[in-house]
Amino acid sequence: MVMQETVALARKEGRTLLTEVEAKHILKEAGLNVVDSRLAKDKAEAQATAKELGYPVVLKILSPDIVHKSDVGGVKLGLQDESAVGAAYDEIMAAAKKASPEANIHGVSVQTMAKPGLEVILGITKDPQFGPVLMFGLGGILVEVLKDVAFRIVPLNKRDAGQIVREIKGYPLLEGYRGQEPANVEKLEEEILKLSAFVESHPEIKELDLNPVFAYKDGVTAVDARIVLEGEG
Amino acid sequence: MPFDKKRLDRVFNPKTVVVVGDKKAGNYSWLRSMQTVKGKLYSVQVSEDEIPGIQEMGVTNYTSLLDVPGPIDYVLLSVPRKVAPMVLADCVKAKVGGVSLFTSGFAETDDEGRALQKQIAAMAVDAGMPLIGPNCMGLFNPKAGVRHSVDQYHGESGPVAFLGQSGTHTIFFCTTLEAIHGIKLAKSVSFGNAAVMDVADYIEYFSQDPEVKVIGAYIEGVKEGRRLFEVLREVAPKIPVLIWKGGQTDSGARAASTHTGSLAGSQAIWDTVIRQTGAIPVNSLDEAVDTTAALLSLGPLRGVGGALMCMTGGQSVVISDTFAKEELQVPALTQASYDDLGSFFNVIGGFYRNPLDISWNSGSGQILTRILKILDGDDNVDFVALELFVSMVARRIKSGHNGDSSFFDAITDHARNAKKPFFTMLTPTSAEAEAIELRKTMTEAGVLAFPTFQRAAVAYRKALAYWQQAAQR
């Protein structure tokens, strides 16, 4: 089981933040849709993995010590060929080492560049009184500036999933606004229920973010994932 | 703590009540409140200064709880906090049914208080003895004559239960619900710091009482949030549960921590819990009593569309605005209704498109009855609301309007026979004293009368939201 092994490894290494690759493996095992991310420990491995996955790809710094990857220049999007991947690798490493010289860097994650969709976010936090709470919102400025988000206590039932999606002010965007393709709300609700069930059965999870999740006409997929474990004891 | 229902039943319906530590300085308020108890009432007090006053009231006093002839079902403790563990040990020894601890100075005060609260909670849990409080006004059961306060009634009871972390709100909910809407309580509990029994326990207990049709709660914080969530999810679809959360802002939360030592928690999460479980959020005493009345008096509500009968043109405009702002609607009536109304409605100085300005048509009970019947039968209308200008209506009812009491009769007849939810809304303006009287007259005649149209709109919206959610479950 990926979950148990990963948690054991993190505990052994004395960390609570899982890497993107670890988080995505766990979520994939739980049946959630995520864009596959693979660990590449050096430049050659990054280039080989990119070739295998097919261009364009995304490279992200992979370190349990770096939470906000793009803030330190640790994310490069839309890389079209081997030389672009190589250059991006060097730039990411240089930037990460500059911003966070002490960080333990595993390498980079290589993933296929997902086709853009409507950005949504799913998150889990723990309330001291009510336990895990699931948050849903539309990505980008709608969540950052307007705080247009909705919450439900875990576990959610079908009705809760239907309501949390429709509770946000930006819901009409999911239905397709001004000719934009509508998102598959039913699939989104399914994903929310899967996430709720996963978190319910894993009390060792303290925080979880899927940000962004792309919502398409035919499904949803999480592009980035972050999991923080509860401290030990 | 999982509670023992039979044991709580015993505490709520005591045959023997003991008040420990009541004082002259407090005008012996606990003994005076409890003098209505159906059964025996005793006092325990060691101070020579206090005992004569207690005896003057005709209450037998003992100097130790262990001397009181048992079995003792309910003890109200009003002793200094340092003595509380000692007296509580006597309660355990005497196998009393349960204890309310009025004394404050526990988790809400300081480290010593927190330690003492831990100590008494552990004693109660070990003994399996229900402990209410500390820092609370305890139990109210009018049928058993057990009261928080001398301001409360006793004898008759009603269909509502209330639990509150504040004695003030618990007592005022009781007296205000009765004063404004003529509705009595079945039981209530003021439970302060909730050292042992918590919000979820009381809600679960009240939900098992066949007499209880609505539960109200004033909450400052909760210890077992998960359990509350689960209990609410179970209870709220069957019995409406109103939640009035104190400590919604940083300032309020700070006050809650010094009032009952409660962790107020995030308001966004509380809003979520209330919404997700199907409970009803209320934000004031007024909202709590009005929504309770709407739930009980109007029955299951079905829709947003109201026929608004107003007493003047200006009122019809602002009342429509008020209802619309509460997400209610004032729909056009059917053509059949318009044809019917058009055949007799005096449109000089009035109108009937909805809202209706009935000023010049409200003089006779016959016409009022006709209008009410048409609105009640209109397919576009979900409920009918009638504004009453207090000065005008009070005068009319008093004098019988030229010897004609038909206006009042038309209202009460309609309230009895209407197919659709019907209520009245007072506009008191300067006639406040008459408003109280009119409300009473209406309530006694079985007509729901809201103190203002604003309060009516809020209560209707909240009750409707409950019924709509319950229908979906």
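**Close-up 1. Pairing of β13 and β15 in chain B of the predicted model.** In this predicted model, B:Gly306 has B:Phe383 of β15(B) as its bridge partner. The two strands concerned, β13 (residues 306-310) and β15 (residues 383-389) of chain B, run in the parallel sense and are joined over four bridges.

**Close-up 2. The open five-stranded sheet of chain B and a helix across it.** The strands follow the order β14-β13-β15-β16-β17 with parallel pairing. Because β14 (356-357) and β17 (449-450) of chain B stand at the edges with a single partner strand each, one side of each lacks a neighbour in the sheet. Helix α12 (residues 313-325) of chain B lies across β13, β14, β15 and β16 (422-427) of that chain, and its direction makes an angle of about 150° with β13(B).

**Close-up 3. The contact between chain B and chain A.** Here 12 residues of chain B are in contact with nine residues of chain A. On the chain B side, α8 (225-235) and α10 (267-277) each supply at least two residues, and the largest share, five residues, comes from α10(B). By residue class, this side of chain B comprises six nonpolar, five polar and one charged.

**Close-up 4. The largest nonpolar core and a second, separate one.** Among the 200 residues of the largest core, B:Leu131, B:Ile203, B:Ala217 and B:Val241 touch the most other members, while helix α18 (residues 453-472) of chain B contributes the largest share, nine residues. Leaving aside residues up to four places away in sequence, B:Val241 touches several residues, including B:Ile203, B:Ala217, B:Leu232 and B:Ile280. A separate core of 18 residues includes A:Ala40, A:Ala50, A:Val57 and A:Leu59.

Terms used. Residues numbered from 1 in each chain as written. Chains lettered and ligands numbered in written order. Predicted model: local features only at pLDDT ≥ 70, side-chain atom pairs only at ≥ 80, totals over all residues. Pairing = 2+ DSSP bridges. Contact = placed C-beta atoms within 7 Å. Axes fitted to C-alpha atoms, helices over the stretch in contact; angles between N-to-C directions. Nonpolar A, V, L, I, M, F, W, Y, C, P; charged D, E, K, R; others polar. Core = buried A, V, L, I, M, F, W, Y, C linked by C-beta atoms within 7 Å. Buried ≥ 20, exposed ≤ 12 C-beta atoms within 10 Å, placed from the backbone.
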